[in-house]
Amino acid sequence: MPLSSSGNIQDAPLPALFEELGTRKFTGTIVVRSDDSEKAVHLKEGQIVFATSTDSNDRLGEILIKAGKLTREHLETALVLLKKTAGFKKLGALLVEKGFVTPKDLFAGLKTQVKEIIYSLFLLENATYRIEETFPTDIIQLQINMQELITEIIQRIRQEA
């Protein structure tokens, strides 16, 4: 399939885009914009290694709270401290530094966050995408098997339908 650097997901479905980028061993970012948010999936040599989102439901703190690994009070404390660092620290690093979560719980939370962001992308009916050959240097690179993830997402969508 010829790959366009931008377009609408109705014309180029996300599963096909991810598959093509995986086959090409692409390193860069797919940015998907819907009416209410912008989400980015970062790939290295065709493998998903991280994802980010402007949607408040996709925030790491909220995911850790839902998983029972972080209290609301600890999150609020960490967010206050984070503002004082003026962007020099990441939330996850601060949570571990203060002992609010373990490194293992943080890593599991990050992996869940990435999976949830990608899952939410597959539910979108109308959005635009653009493919960028830029790759952020300040992310924790996770190894996520794309085939397993897509299979997991399809099963989840079928169960919820």
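## Quick briefing: fold and packing

In this chain, 63% of the contacts with a separation of 6 or more link residues 24 or more positions apart. Keep in mind that this is a predicted model. Here's a quick tour, starting with the overall build and then moving to the sheet.

**Overall build**
- You'll find six helices and five strands in the chain.
- Reading from the N terminus, the elements go β-α-β-β-β-α-α-α-α-β-α.
- The radius of gyration is 16 Å, which agrees with the value near 15 Å that a compact globule of 161 residues would have.
- Along the principal axes, the C-alpha trace covers about 50 × 35 × 30 Å.

**Burial and surface**
- Some 40% of the 161 residues count as buried.

- Five strands make an open sheet in the order 1-5-2-3-4, and the pairing is antiparallel.
- Strand 1 (6–8) and strand 4 (47–53) sit at the edges, each pairing on one side only.
- From one strand to the next, the twist averages 20°.

- Strand 2 (residues 28–33) and strand 5 (residues 128–132) run antiparallel and are joined by five bridges.
- Within that pairing, valine 31 stands opposite arginine 130 of strand 5.
- Helix 5 (residues 103–123) packs on the sheet, where it touches strand 2, strand 3 (38–44) and strand 4.
- The direction of helix 5 makes about 80° with that of strand 4.

Notes
Residues are numbered from 1 along each chain as its sequence is written. This is a predicted model: local features need pLDDT of at least 70, side-chain atom pairs count only at pLDDT 80 or more; totals for chains, interfaces and linings use all residues. Side-chain values use heavy atoms; hydrogens and water are left out. Two strands pair if DSSP finds at least two bridges between them. Helices (H or I, at least four residues) and strands (E, at least two) are DSSP runs, numbered from the N terminus. Axes are lines fitted to C-alpha atoms, for helices over the stretch in contact, and angles run from 0 to 180 degrees between N-to-C directions. Contact means heavy atoms within 4.5 Å. The radius of gyration is taken over C-alpha atoms; the globule rule is 2.2 Å times the number of residues to the power 0.38. Buried means under 20% relative accessible area, exposed over 50%, partly exposed in between (1.4 Å probe, protein chains only).
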